[in-house]
Amino acid sequence: MTVMSGGEALAAALSAEGVEVVFGIPGIQIYGMVAGLRDHPGIRMIATRHEQAATYMADGYARASGKPGVAMVVPGVGLYNAASGLATAYSRSSPVLLVAGQIPRGAMGRNIGAVHEIADQAGTVKSVTKWQRLAMRPRDVPDAVFEAFRQMRTGRPRPVLIELPPETGVEREEVQLRNPAPISRIVPSAEQLREAARVIAQSRFPIIFAGGGVARSDAEDALVKLAEATNIPVVTSAGGKGTIPDRHPMSYGACLSPRGERQEMNQLHGVMQAADVVIGIGSRFALGNPAGEASTLININIDDFDLTRIQSNTIPLHGDARATIEALLPHLVEAGAGDRPSPAEAVIAARRLIAYYDIRDKEPQYPILESVQSAIPEDAFVVWDVSQWGFYARTHYQVHHPKTYVDSGYSFNLGSAFPIALGVKVARPERPVICMAGDGGFLFNSSELSTAVKYGINVVTVVWRNDSYGNVAGDLDDFFGGTYETDLHNPDFVALAESFGAVGMRADSPLDLQRLLPEALERQAPVVIDVPFGELPMPRAPLIAPLYAAPWTQPQQGLLPI
């Protein structure tokens with residue numbers, strides 16, 4: 001045992017778990033923890049301008065590095081501010097540890113108006129955290145950190161919370177540090193794997209549906225081997241984009257919605273409807289099994305909750321995506337699942353229809369996205385905000401490298417992309433990182449330009465400017481007889497960037513990005529590119545267009561009690 005303060009114990013325990021950076025804001029009630037980080041040689045702190053950005057950056061760091069991201073905030077309002085980043089991390093199954101201060105021990109639970117006091121602080125973020133603990137003494141800190149990382153590395157990875165009263169950070173006592181917990185990947189039994197392999201081998205038209213759990217498990221290579229060994233094509237969810245290269249001959253891509261209303265969705269929907277067996281890997285199937293009840297669902301998932309809730313005709317395989325695929329492959333070979341002819345020609349033909357429908361139908365945004373894609377290095381991380389372009393990218397932006405497509409998942413957090421992109425760049429400074437944000441969303445966290453310049457976090461940000469909350473304006477026009485208060489009064493984004501010491505660029509039109517993006521990446525500096533796109537019509541988001549007959553657009557039958 002070693003005598004140390006709780007702040008020193010926190011820094012030492014985080015370092016033992018491999019943590020190298022903590023995102024946060026120094027403040028009252030966490031001074032002891034901040035001092036512990038300051039004095040530890042193996043950890044640096046990146047101070048953000050808002051707590052919201054701290055958890056967003058931790059999320060981006062986690063998704064790009066494959067390691068847990070760590071954020072630290074003051075209690076009360078600091079935790080409230082950080083909650084939006086937790087929500088996004090929760091929706092994308094991202095391992096984020098939030099260390100939050102607490103009010104003094106003697107004031108807890110007394111409702112006497114202590115600085116930053118809120119009742120049941122941990123309860124305010126219970127729904128967006130997997131696990132929580134209050135460390136009341138320095139000796140409690142190593143155990144709390146140990147368990148926090150074990151929770152993030154087992155089962156479905158999601159955010160966790162540790163709270164520390166201010167005394168914990170400064171008091172000193174004997175502390176027992178711990179080594180990281182050994183983690184074993186969960187694999188279904190051999191009997192379960194053999195049964196699944198038999199069903200797959202006997203199927204007429206199986207298909208793989210890959211979700212974000214493939215990336216969380218680092219199972220991208222295993223997924224490609226599965227598709228190639230069995231000649232079973234792959235469809236990905238939005239969260240699964242990049243788990244198999246979009247150009248791979250077994251990849252249909254990610255153009256799926258609850259029902260196909262446009263030609264390219266109908267094309268892929270027909271493919272899914274024809275499947276008699278769907279091999280779901282790391283997907284929560286939020287929209288239901290796209291092949292429907294007629295198919296057999298072989299559901300590989302680390303989360304018990306998602307194993308059998310989709311449909312009755314399910315073969316559940318509870319296990320880690322990568323370990324389960326690797327264990328299943330020999331059984332598939334033994335069962336003869338690799339003897340089927342390759343569907344590559346059919347996949348490529350269908351994919352061609354999906355990709356080029358928009359050009360044939362003269363949708364002007366497709367050639368713009370195509371020109372943007374040609375200007376971005378294939379290994380670049382691209383972080384998409386909630387915007388018209390972000391929606392369009394979910395189906396049409398091509399991804400060829402694992403984990404390089406980043407969005408906010410079902411949380412749909414407007415303004416999340418810029419700080420998430422900063423976290424991605426901190427994790428992978430050698431790789432290009434590009435943020436794609438609308439003008440409305442970018443200003444949510446534009447103050448983090450200060451953070452980018454201070455720490456040399458060289459993200460290139462494209463601000464698509466139409467001086468409007470464009471999606472909302474379109475909805476109000478289409479369903480409520482006219483828009484209202486969706487126009488924006490924007491700053492000069494070039495001057496804004498330059499005022500922080502970043503580089504500002506201005507495009508004359510979206511097609512200018514083909515020239516400006518390579519130039520911006522060569523600058524090796526934080527760059528903001530202002531891109532006006534005016535009245536360019538945008539199609540409805542494929543992910544949510546079928547839901548537009550929902551309660552937020554028109555009255556529903558049966559919702560009101562009799």
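Author: Helices (H or I, at least four residues) and strands (E, at least two) are DSSP runs, numbered from the N terminus. By that numbering, Ile-28 lies in the loop between strand E2 (21–24) and helix H2 (31–38). The model is predicted: local features need pLDDT of at least 70, side-chain atom pairs count only at pLDDT 80 or more, and totals for chains, interfaces and linings use all residues. Residues are numbered from 1 along each chain as its sequence is written, and side-chain values use heavy atoms, with hydrogens and water left out.

Reader: Why is Ile-28 called partly exposed?

Author: Buried means under 20% relative accessible area, exposed over 50%, and partly exposed in between (1.4 Å probe, protein chains only). Ile-28 has a relative accessible area of 38%, so it is partly exposed.

Reader: What makes strand E7 (residues 160–164) largely enclosed?

Author: Five of its five residues are buried, so E7 is largely enclosed by the rest of the structure. Val-160, Ile-162 and Leu-164 cover one side, Leu-161 and Glu-163 the other, and all are buried.

Reader: How do you know that strand E5 (residues 96–101) and E7 pair?

Author: Two strands pair if DSSP finds at least two bridges between them. E5 and E7 have five bridges, in the parallel sense; in one of them, Leu-98 is partnered by Leu-161. E6 and E7 are joined by four bridges, also parallel, and Leu-134 stands opposite Glu-163.

Reader: What makes strand E3 (44–47) and strand E6 (131–134) edge strands?

Author: The open sheet of six strands has the order E3-E2-E4-E5-E7-E6, with parallel pairing. E3 and E6 each have a single partner strand, so one side of each is left without a neighbour in the sheet.
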